[in-house]
Every structure is written in structure tokens, then in C-alpha cells.
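Thank you all for coming. I would like to talk through the pockets of one structure, and then turn to its aromatic rings.

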Amino acid sequence: MASQQQTNGKSDAGVNSVTVFFDYSCPFVYRATEWLYTLAEHADAPPNVNWRYFSLAQVNYKARDGWKVWDAPRLDADWGEQNYARGLRFFWASAAAKAQGPDAFSRFHIALARAIHAERREFTSFAPLVDLAQEVGLDADQFRAGIEDQSLLQQLATDHAAAEEQEVFGVPTFAFADATPAYLKLGRLLESAEAVQFWGDYQQIVADRPYVVEIKRSQ
């Protein structure tokens, strides 16, 4: 899927490009991911998507002691037993997939989102993540090396800091060039036709109408 890109910049250039800040644990991220992958298959001009990490575990951490989720494996031998470990493993595995190239990342990204939210698969260790990587055609040995390489977690730190600079508070958040980032919650998955139509509507509201500050439905 050529339109599903992963870079380190704030946002790809062009009116049809967007950076999406995400955390795999969020169901709204899953719905947005399916939406964007549907666009890659059905839209005449699908958006170039720059997926960037934003850790909900980090943003929801209340203590003021300087703790960072991406430093945890280096500082805590038992980090894998902590409540944040599941989400951190997702980020780490994603970075390991990205190290094999954008196509590998694209395949792993959607497969992981579906495995978590649609298939309800258990990921209490790295072993099922290795299985998933093999299922989507990644090099298993390279992937295993990646999930042992703590330097890959620097990407999480970098992306999270970039999100904070843009005052991102939740996921998924869409950042178009020269527009204030916008948080989005989809109530369900979108069919192909409505997915394409909604992209045009959403892009117009968020990227082209800066005077629209907030739209919120009654619960």
C-alpha cells in the first residue's frame, strides 16, 4: 500500500498528506486505521499517511518523577510484568517491523490493529507478535533482533515529543500541514464508498476550515 507511509517528519508535503498520531490499544485508532487502509484501496487519490506513535500510558501517567515508558526496559528488569507492558510491546514490535521497510510496516500495522481489536488475540509476550510478523511475511530473525534492540524505542520518544509539541492529547489525532491537529472518534467501521466520501469531508473541515474549532455530539 504505497499510500501508507512512515517517516520522521511532522507531516508529508502536499494537501493530500496527513500525519496520524496513534496508540494500538485504542479502538478508535483501529477504526481510523481501517478507514485509511480502505482509502488506500478505493480512493482515486488516497492520502499519504505518516503514522507516528503517541503513548497513552505515558500521557496518562500521573506521577511527576520523570518516568518515561520508552526507558522502562532499560531501567526495570521486570518491566514486562507491568500494566504498561502490553502497549509498549506493540510500539516496539511496530518499530521492528518498520526497520524492514515501509511495506513491511504497512502489512504489520494493519495486521496488528486487526489482531488486537477484531480478532481479540492475546499478546502477553513477544512470542505472538513474532508469529504475527511471520504471518505477514516479515523476516522473523530480523524481527526478533528488533524487539531486543532498545534503541528502536527512541522512535517512540521522538514521536511522542512531536505530538506534545502540537498539543496532542489523545488518539487518533490527524495533523495536516498548516492546520491545527484534530482528534477523531469514529463510532463504527466505514464501508468503502462512505470512507472515500468522508475523507473529502473531513479533510475540508480540518485542513481547509481553521475556524471550525470543535464539533462534539451529545452522548
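Let me start with the second largest pocket, which is lined by Asp 23, Ser 25, Ser 55, Ala 57, Tyr 61, Trp 67, Val 69, Asn 83, Tyr 84, Gly 87, Leu 88 and Phe 91; a pocket here is an open set of points on a 1 Å grid over the protein atoms alone, where a 1.4 Å probe fits, with protein on both sides within 12 Å along at least five of seven lines, and lining residues have an atom within 4 Å of a point. This is a predicted model, in which local features need pLDDT of at least 70 and side-chain atom pairs count only at pLDDT 80 or more, while totals for chains, interfaces and linings use all residues. Residues are numbered from 1 along each chain as its sequence is written, and side-chain values use heavy atoms, with hydrogens and water left out.

The second largest pocket holds about 160 Å³ of space, whereas the largest pocket has a volume of about 1,400 Å³. Of the 33 residues lining the largest pocket, the closest to its centre are Tyr 183, Leu 184, Lys 185, Ile 215 and Lys 216.

Turning to the rings, there are 22 aromatic pairs in the structure, meaning rings of Phe, Tyr and Trp (its six-membered ring) whose centres lie within 6.5 Å, with planes under 30 degrees apart counted as stacked, over 60 as edge-to-face and the rest as tilted. Phe 22 and Tyr 53 make an edge-to-face pair, at 5.4 Å centre to centre and 65° between the planes. Ring pairs also link Phe 22, Tyr 24, Trp 51, Tyr 53, Phe 90, Phe 91 and Phe 123 into a cluster.

Definitions and conventions
Points joined across faces, edges and corners; volume = space filled by probe spheres on them.
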